Amino acid sequence: MTRTQKVRPLLEIRNLQIAYGTKGTFQRQEPTPAVWDVSFTLAEGETLALVGESGSGKTTIARAIAGLMVPRQGQILFEDQDITLPIEQRSRKLHRQIQYIFQNPDSSLNPRRKITYNLGRPLEFFFGLSGGEKKRRMEQLLHSVHLDTNYMYRFPSQLSGGEVQRVAIAQALAAEPKLMLCDEVISALDVSVQANILDLLRELQAERGIAYLFIAHDLAVVRWLAHRVIVLYQGRIMEAGTPEEIFSPPYHPYTEMLLQSVPEPDPSRSFLKATESVSDYIDVEPEMGCPFTPRCPHRIESVCDQEMPAWQEISPAHSVWCHVPVTELAQKQAVS
Ligand SMILES: Nc1ncnc2c1ncn2[C@@H]1O[C@H](COP(=O)(O)OP(=O)(O)OP(=O)(O)O)[C@@H](O)[C@H]1O
Ligand code: SF4
Ligand SMILES: [Mg+2]
């Protein structure tokens with residue numbers, strides 16, 4: 001598949017709004033949603049990156065797709081079927097087809113059990129494998145992620161961070177998924193190991209046609225992996241486009257800030273000054289205007305914080321959500 005080729009969506013997200021704490025609380029007011037009016041599609045064999053600072057709603061979107069949260073509004077379609085259902089109401093087949101690799105590799109694996117148990121479980125559960133057949137399949141899976149078959153007899157604590165992540169990927173592959181939700185799968189790893197895991201993900205996609213929703217803080221990381229990128233800020237999509245489009249002006253003012261920032265070693269502080277936190281900036285009424293107003297160097301006074309921007313299409317795959325016309329953004333960004 002070429003990087004921009006359009007095919008039938010495997011996954012379609014329509015106007016998703018997700019809030020925490022809507023059930024089982026005695027709050028009088030509905031909690032503020034963590035995700036607002038998010039729509040996108042993902043094709044078979046495609047990699048879509050979701051990028052944004054801590055708290056922008058990346059994991060919340062992935063959790064809703066996996067059925068771990070039920071949206072307050074909107075729809076999730078998988079192969080044209082409405083799957084806006086909690087995980088317990090989803091079929092085993094659907095459960096198998098959408099696999100989630102978590103931010104912390106340790107949380108995918110049971111630390112008290114050897115890799116045989118961790119890899120064997122999905123093979124038993126989804127395919128009813130046992131004995132020699134199960135062992136052969138586990139060997140193939142370890143081979144696919146470039147680990148020796150004797151890793152089967154080790155505990156997760158006996159593996160390096162990169163090896164644990166490879167086993168977590170093998171565990172997800174055991175289900176033979178069509179979609180993998182890769183939530184910060186390389187953030188906890190050394191930079192040298194990160195590149196190897198990205199290479200592995202690309203190789204597996206080329207072999208098996210798996211689609212990835214690839215979640216990351218760092219725009220640079222997604223540049224070589226993603227076919228398309230979505231930039232999120234406070235639960236809203238600010239810009240969507242191919243990596244080539246996202247990395248060259250005109251871009252959304254928030255993308256401009258992300259590109260100018262040097263990520264800090266601690267991801268939770270990325271893009272913020274040492275004295276700041278994301279919550280310092282939540283002072284635009286969420287349904288009033290652009291949430292980026294307080295930080296935006298291009299903001300239009302009395303407009304940006306009071307009126308919702310409209311989507312401006314720069315190309316069929318590239319759009320920004322901003323009040324400033326893209327021609328003006330291009331001029332401002334050419335001189336900055
Ligand atoms: N269990 C929860 N209960 C209440 N609010 C939550 C919960 N989990 C996340 N949130 C809130 O939802 C918003 C989005 O969080 P989310 O974890 O989706 O962000 P994220 O982009 O994945 O961040 P990170 O990069 O730190 O993983 C944040 O404001 C966060 O505080
Ligand atoms: S709408 Fe206004 S505040 Fe928001 S990004 Fe555009 S210029 Fe900045
Ligand atoms: Mg997250």
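Reader: Which residues come nearest to ligand 2?
Author: Of the 13 residues around ligand 2, the nearest are C290, C296, R299, C304 and C322. A residue is near a molecule if its C-beta atom, placed from the backbone, lies within 6 Å of it. One caution: this is a predicted model, where local features need pLDDT of at least 70 and side-chain atom pairs count only at pLDDT 80 or more, while totals for chains, interfaces and linings use all residues. Residues are numbered from 1 along each chain as its sequence is written, and chains are lettered from A and ligands numbered from 1 in the order in which they are written.

Reader: How does the shell around ligand 2 divide into nonpolar, polar and charged?
Author: Nine nonpolar, three polar and one charged. Here Ala, Val, Leu, Ile, Met, Phe, Trp, Tyr, Cys and Pro count as nonpolar, Asp, Glu, Lys and Arg as charged, and the others, Gly among them, as polar.

Reader: And what are the residues around ligand 1?
Author: They include the run from S54 through G55, S56, G57, K58 and T59 to T60, along with Y20 and H217. That shell divides into two nonpolar, nine polar and one charged.

Reader: Switching topic: how many helices and strands does the chain have?
Author: Ten helices and twelve strands. Both are DSSP runs numbered from the N terminus: helices are H or I with at least four residues, strands are E with at least two.

Reader: What's the order of the open sheet of four strands?
Author: β2-β1-β4-β5, with antiparallel pairing. Two strands pair if DSSP finds at least two bridges between them. The edges are β2 (35–43) and β5 (81–82), and each has a single partner strand, so one side of each is left without a neighbour in the sheet.

Reader: Which helix packs on the sheet?
Author: Helix α1 (residues 58–65), which touches β1 (9–18), β2 and β4. Its direction makes about 120° with that of β1; axes are lines fitted to C-alpha atoms, for helices over the stretch in contact, and angles run from 0 to 180 degrees between N-to-C directions.

Reader: What's in the loop between β4 and β5?
Author: D80 is found there. Its phi is near 70°, a positive value in a residue other than glycine.

Reader: Is D80 buried or exposed?
Author: D80 counts as exposed, because it has 9 C-beta neighbours inside 10 Å. The rule is 20 or more other C-beta atoms within 10 Å for buried, 12 or fewer for exposed, and partly exposed in between, with C-beta atoms placed from the backbone.

Reader: How about the largest nonpolar core, which members touch the most others?
Author: A49, I65, L181, L213, F214 and V222, out of 84 residues. Helix α5 (residues 161–174) gives the most to this core, with eight residues. A nonpolar core is a set of buried Ala, Val, Leu, Ile, Met, Phe, Trp, Tyr and Cys residues joined through C-beta atoms within 7 Å.

Reader: What does L181 touch?
Author: Leaving out residues up to four places away in sequence, L181 touches A62, I65, A66, I98, Y100, I101 and L213. Contact means that the C-beta atoms of two residues, placed from the backbone, lie within 7 Å.

Reader: Last one: where's the cis peptide bond?
Author: It joins P249 and P250, with omega about 5°. P250 is found in the loop between α8 and α9.
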